[in-house]
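Visitor: Could you walk me through this structure and show me how to read its surface?
Guide: Gladly, let's look at it together.

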Amino acid sequence: MTTTVYATFDGEVFRPEEPVRLEPNTRVLLTIGEEPMAKKNMGEPGCFFRAALAANIDGPPDWSERLDEYLYGEEPLRAD
């Protein structure tokens, strides 16, 4: 039987985050790999708007209207 479960190492033993269907004292083979960053508990999810406001970035008032010009340095094509 092969099962994949997340576990936390407390410095001495691995503690599974969900029940494991094994008899006590069953010998197992562990393959250790750190959990990907995207799944790690990083605390409360961030908010883009809070982060943007905290950055305190100054810019022209017409950024949203002339984004292409500011990003690419050229006038956007206009549908006249």
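Guide: The protein in this predicted model exposes about 8500 Å², and 54% of that area is supplied by carbon and sulfur atoms.

Visitor: What share of the 80 residues is buried?
Guide: A residue counts as buried when its relative accessible area is under 20%. Here, buried residues make up 2% of the 80 residues.

Visitor: Which elements does the protein have, and in what order do they run from the N terminus?
Guide: There are two strands and two helices, and the order from the N terminus on is β-β-α-α.

Visitor: Which residues make the nonpolar surface patch?
Guide: Residues can join a patch if they have over 30% relative accessible area and no salt bridge. In this model M1, F9, F14, V20, L22, V28, L30 and I32 make a nonpolar patch of about 840 Å².

Visitor: Where does I32 lie, and is I32 buried or exposed?
Guide: You will find I32 in the loop between β2 (14–16) and α1 (48–55). I32 counts as exposed because its relative accessible area is 60%, and the cut-off for exposed is over 50%.

Visitor: How many aromatic pairs are there?
Guide: Ring centres must lie within 6.5 Å to pair. The count comes to one aromatic pair: F9 with F14, at 4.8 Å centre to centre and with 40 degrees between the planes, which is a tilted arrangement.

Visitor: Why does F9 count as partly exposed?
Guide: Because its relative accessibility is 47%, which lies between the cut-offs of 20% and 50%. F14, its ring partner, is also partly exposed, at 40% relative accessibility.

How values were computed: Residues numbered from 1 in each chain as written. Predicted model: local features only at pLDDT ≥ 70, side-chain atom pairs only at ≥ 80, totals over all residues. Heavy atoms only, no water. Phe/Tyr/Trp six-rings, centres within 6.5 Å; stacked < 30°, edge-to-face > 60°. Buried < 20%, exposed > 50% of the residue type's maximum accessible area, 1.4 Å probe, protein only. Helix = DSSP H or I, 4+ residues; strand = E, 2+ residues; numbered from the N terminus. Areas by Shrake-Rupley, 256 points an atom, 1.4 Å probe, with all protein chains shown as cover. Patch = residues over 30% accessible without salt bridge, like charges linked within 9 Å, V, L, I, M, F, W, Y side chains within 5 Å. Salt bridge = Lys/Arg side-chain N within 4 Å of Asp/Glu carboxyl O.
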